[in-house]
Amino acid sequence: MNNIEQTLSIVKPDAVERNLEGKIKEMFLNNGFKIVQEKKIQIEKHEAEKFYKVHEIKPFYNDLCAYLSSGPIVVMILEKENAIVANRELMGSTNPKDAAEGTIRKKFGISIDKNSVHGSDSVENAKIEIDFFFKS
Ligand code: CDP
Ligand code: MG
């Protein structure tokens, strides 16, 4: 049975800064994702804190929020069969050192914090994250 889903993807500041937006979008398209909506924005630190609220108690939370708001990002709604899991697979492990060959983070990630992309991790969070950036 068809299970078309939407997920939120972010090209993070390290990747936008290195002009990797086009290459990363090409990887999504080559893997059968449709880019339903996209925009390039820069967010304030307090918005990053809201977006990453699930990580509030983690030791890396403050640096993570400072980083996500440090420069332009590209936010996209991706659509595909089982998009959430498919995008997590295409992104690769959080730490680029552990990411499989052919994944976005293996190709472009610099370090665990500058790992080039974000992707929603569940159906519930995909809805919340899409609304966060695209709710009209
Ligand atoms: O992004 P992903 O879902 O793979 O990982 P996460 O565990 O939800 O963490 C969110 C983000 O926090 C990661 O993508 C990293 O950029 C950052 N992070 C970090 O800076 N240091 C860690 N030890 C773990 C995560
Ligand atoms: Mg996550």
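Tutor: Let's start with a term: a residue counts as buried when its relative accessible area is under 20%. Keep in mind that we are reading a predicted model.

Student: Thanks! Is S9 buried or exposed, then?

Tutor: S9 has a relative accessible area of 0%, so it is buried.

Student: Where does S9 sit in the fold?

Tutor: You will find S9 in strand β1, which covers residues 4-11.

Student: And which residues is S9 in contact with, leaving aside its neighbours within four places in sequence?

Tutor: Its partners are F28, V74, V75, M76, L78, N87 and H118.

Student: Let's step back. How many helices and strands does the protein chain have?

Tutor: It has 7 helices and 4 strands. Along the sequence they follow the pattern β-α-α-β-α-α-β-α-α-β-α.

Student: What does the radius of gyration tell me about the protein chain?

Tutor: The idea is to set the value beside that of a compact globule. For 136 residues such a globule would have a radius of gyration near 14 Å, and the protein chain has 14 Å, so the two agree. Along the principal axes, the C-alpha atoms fill a box of roughly 40 × 35 × 25 Å.

Student: What share of the residues counts as buried?

Tutor: That is 46% of the 136 residues. As for contacts with a separation of 6 or more, 75% of them join residues 24 or more positions apart.

Student: What about the surface and the charges?

Tutor: The protein chain exposes about 7,600 Å², with carbon and sulfur atoms supplying 50% of that area. There are 20 positive and 21 negative charges, and their mean positions lie 2 Å apart.

Note on methods:
Residues are numbered from 1 along each chain as its sequence is written. Chains are lettered from A and ligands numbered from 1 in the order in which they are written. This is a predicted model: local features need pLDDT of at least 70, side-chain atom pairs count only at pLDDT 80 or more; totals for chains, interfaces and linings use all residues. Side-chain values use heavy atoms; hydrogens and water are left out. Helices (H or I, at least four residues) and strands (E, at least two) are DSSP runs, numbered from the N terminus. The radius of gyration is taken over C-alpha atoms; the globule rule is 2.2 Å times the number of residues to the power 0.38. Buried means under 20% relative accessible area, exposed over 50%, partly exposed in between (1.4 Å probe, protein chains only). Contact means heavy atoms within 4.5 Å. Accessible areas come from the Shrake-Rupley method with a 1.4 Å probe; for residues, only the protein chains shown count as cover. Lys and Arg count as positive and Asp and Glu as negative; His and the chain ends are not counted. The place of a charge is taken as NZ of Lys, CZ of Arg, CG of Asp or CD of Glu.
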